Amino acid sequence: MDVLSMLRNDPAVVRAEQAQAPEEYAQTAQLYTFRYRSASEEVEGMLAVPADLDGPLPAVVYCHGGNRDLSPMRPATACRLAAAGYAGIGSQYRGCSGSTGSDEFGGADVLDVIRVTDLVLRLPFVRTDGVYMQGHSRGGMMAYLCAACDRRIRAVAIGAGVADCVMMYNRREQAMKQVFHELVGGSPEQLPEEFRRRSAVCWAERIEAPVLICQGTGDWRVDPQQSIDMDAALEAAGKEHRLILYEEADHSLKNTGYWADVLDWFRAHPL
């Protein structure tokens, strides 16, 4: 299949190129970068598909962490999804990694994830009956926000995800507080509704997709209590969910069963 031509022919795509897959995935994945329209912005994106592409494939929309140019989606992330049999796609969000506009840390940039979901579902080799979504750290917040408004998301996997921005603000160092001031516009006391809007613990009842929450107990970037509280909120709302705590694991969740647990979750919820 000519994936590059399919990308270039999509009405939202401004530019698309094939890229070199990381060495460990050179035999198992094809990698592409593209630039797409999202409202008035142009946003960078990334797609990887299995080297032996034979659709239709289920898609996983990945939501990266960080802010602005910190912690963008990386080629290895997309290719790891492709090697597992998925079309792995992600947005770098507006204001991040070459995209136009301003990062709003869970504001208008959520539309960029919705639009890349639209895009992947238009690709002829992708199954059209829904997508999976995976989010890490700030990407967990993005995934929760999308799952609350987009019923095409059939299952969600969250790794060390932000679920309570007030707790994040109050328990992190001044540098993280400054991120909220710069990207959200102020503190929880100044902008209570903006913080609530970004905090899934406040509206867990709006999430329809089954949610897997994976959290390291040694994480200092996202307090494990956020995941524990989100698990309780989903339970109170009667939602299908599971919380996995990895003892002493840090924010990266390296050297844990995280990746296998994510794949098991998606497979347990077939499209």
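Two residues are in contact here when they have heavy atoms within 4.5 Å of each other. This is a predicted model, in which local features need pLDDT of at least 70, side-chain atom pairs count only at pLDDT 80 or more, and totals for chains, interfaces and linings use all residues. Residues are numbered from 1 along each chain as its sequence is written, and side-chain values use heavy atoms, with hydrogens and water left out.

Let's start at Q134, in strand β6 (residues 131-136). Strands (E, at least two residues) and helices (H or I, at least four) are DSSP runs, numbered from the N terminus. Leaving aside residues up to four places away in sequence, Q134 touches V60, V61, Y62, C63, L81, A157, Y258, W259, V262 and F266. Q134 counts as buried because its relative accessibility is 1%; buried means under 20% relative accessible area, exposed over 50%, and partly exposed in between (1.4 Å probe, protein chains only). The side chains of Q134 and Y258 are joined by a polar contact of 3.2 Å, that is, a pair of N or O atoms within 3.5 Å; within protein, one must be able to donate a hydrogen and the other to accept it, and residues adjacent in sequence count only if both atoms are side-chain atoms.

Next, the strands around β3 (residues 41-50). Nine of the ten residues of β3 are buried, so the strand is largely enclosed by the rest of the structure. Strands pair if DSSP finds at least two bridges between them.

| Partner of β3 | Bridges | Residues standing opposite |
|---|---|---|
| β2 (residues 29-38) | ten | T33 and M46 |
| β5 (residues 87-91) | four | G45 and S91 |

In the hairpin of β2 and β3, two residues lie between the strands, and A39 takes a positive phi near 55°. The buried residues of helix α2 (residues 75-83) include L81, and the buried set of α2 packs against β2, β3, β4 (59-63), β5, β6 and α9 (258-267).

Finally, the aromatic rings. Rings of Phe, Tyr and Trp (its six-membered ring) pair if their centres lie within 6.5 Å, with planes under 30 degrees apart counted as stacked, over 60 as edge-to-face and the rest as tilted. The count comes to eight aromatic pairs. One of them, F34 and Y36, is tilted, at 5.8 Å centre to centre and 45° between the planes. Y169 and F180 have ring centres 6.0 Å apart and planes at 65°, so this pair is edge-to-face.
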